[in-house]
Amino acid sequence: MTETKVTAEAIRGMKARGERIAVLTAYDCPMTRLLDEAGVPLILVGDSLGMVVLGYPDTTHVTMAEMEHHVRAAARANPRALLAADLPYRSYETVADAVANAKRLVAAGAEAVKAEGGTEIAEQVCAIVGSGIPFLGHLGMLPQHVLEEGGYHVKGKSEQEHQRLLADAHALAKAGAFAVVLELVTPRVAKEITQQLLIPTIGIGAGPDCDGQILVTPDLLGMLPWFSLKHVKPKLNAAEQMRAVVKEWKDSVMAR
Ligand code: KIV
């Protein structure tokens, strides 16, 4: 990547150039700035903020107002990276809602939006892209559907799921998505989608063969010791280090 501002077109072009794509989430200004300074080309203000920042049990509680608040904070870092943001639960059920809410996220500072689903939201994707807003797809395990699905399950194991994922991936590409996140998709199906699509796939728990990988930054940094995920090995034990530093400081204050 060059030092110029990253666009959705540049992210799409990384696949053609054989460049791997590292994507992380951020929910505030300092983290966005840190990730940007580390050279991450695509930063997502994910609705995972519901769980990792706001203390909700899942992403279905996150509102547009909360997304806008965190997008504004992240955008104040003025990153070189492309700043994408999630359309939250039930904010894109109709084409009109999808476009209006995507525009609200852009007004808050997002440069692209992401929503969950394939063929069933293709009209919304076409309309968002048609209004000039770059769109990032999200297939596989869809966290906004966790309640009806009864948990976080790997997708693509059955032939029916396999074919549905392929059809959905092609539908998103045709609708104009610049890339697609594959969450908890079997590595075999993720590889097949990656081989078939011209746009990049960004995997999370979807094996090594996607064009890029995305992680929830607090998971990567070991900031959430209360939960463990099969697909993430924290690279830092930030929670333990923070507890130790805070305790040491507290003890020093109390000892005076
Ligand atoms: O909300 C989020 O952080 C996401 C990523 C896990 C892909 O959607």
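The model is predicted, so local features need pLDDT of at least 70 and side-chain atom pairs count only at pLDDT 80 or more, whereas totals for chains, interfaces and linings use all residues. Residues are numbered from 1 along each chain as its sequence is written, and side-chain values use heavy atoms, with hydrogens and water left out.

The shell around the ligand is formed by Thr25, Leu44, Gly46, Asp47, Ser48, Asp86, Lys114, His138, Val181, Ile204, Ile214 and Val216; a residue is near the ligand if one of its heavy atoms lies within 4 Å of it. By class, this shell divides into 5 nonpolar, 4 polar and 3 charged residues. In this scheme Ala, Val, Leu, Ile, Met, Phe, Trp, Tyr, Cys and Pro count as nonpolar, Asp, Glu, Lys and Arg as charged, and the others, Gly among them, as polar.

A polar side-chain atom of Ser48 is placed 2.5 Å from a ligand oxygen atom. For Asp47, the separation between a polar side-chain atom and an oxygen atom of the ligand is 3.1 Å. An N or O atom in the side chain of Asp86 is likewise 3.1 Å from an oxygen atom of the ligand. The ligand taken alone exposes 260 Å², of which the protein buries 96%; these accessible areas come from the Shrake-Rupley method with a 1.4 Å probe, and for residues only the protein chains shown count as cover.

Asp86 belongs to strand 3 (residues 82-86); helices (H or I, at least four residues) and strands (E, at least two) are DSSP runs, numbered from the N terminus. Asp86 has a relative accessible area of 1% and is therefore buried, where buried means under 20%, exposed over 50% and partly exposed in between (1.4 Å probe, protein chains only). A polar atom of the Asp86 side chain also lies 2.8 Å from the backbone nitrogen of Asp47. Another shell residue, Ile214, is found in strand 8 (residues 212-215) and counts as buried at 7% relative accessibility.

Val71, in helix 4 (residues 64-75), is buried with a relative accessible area of 0%. Its C-alpha atom is separated by 22 Å from that of Ile204, 133 residues apart along the chain.

Two residues other than glycine have positive phi values. Asn78 has a phi of about 50°, lies in the loop between helix 4 and strand 3 and is exposed at 65% relative accessibility. Leu184, with phi near 45°, lies in the loop between strand 6 (179-183) and helix 9 (187-196) and is buried, with a relative accessible area of 12%.

Technical notes. Polar contact = N/O pair within 3.5 Å; in protein donor to acceptor, adjacent residues only side chain to side chain.
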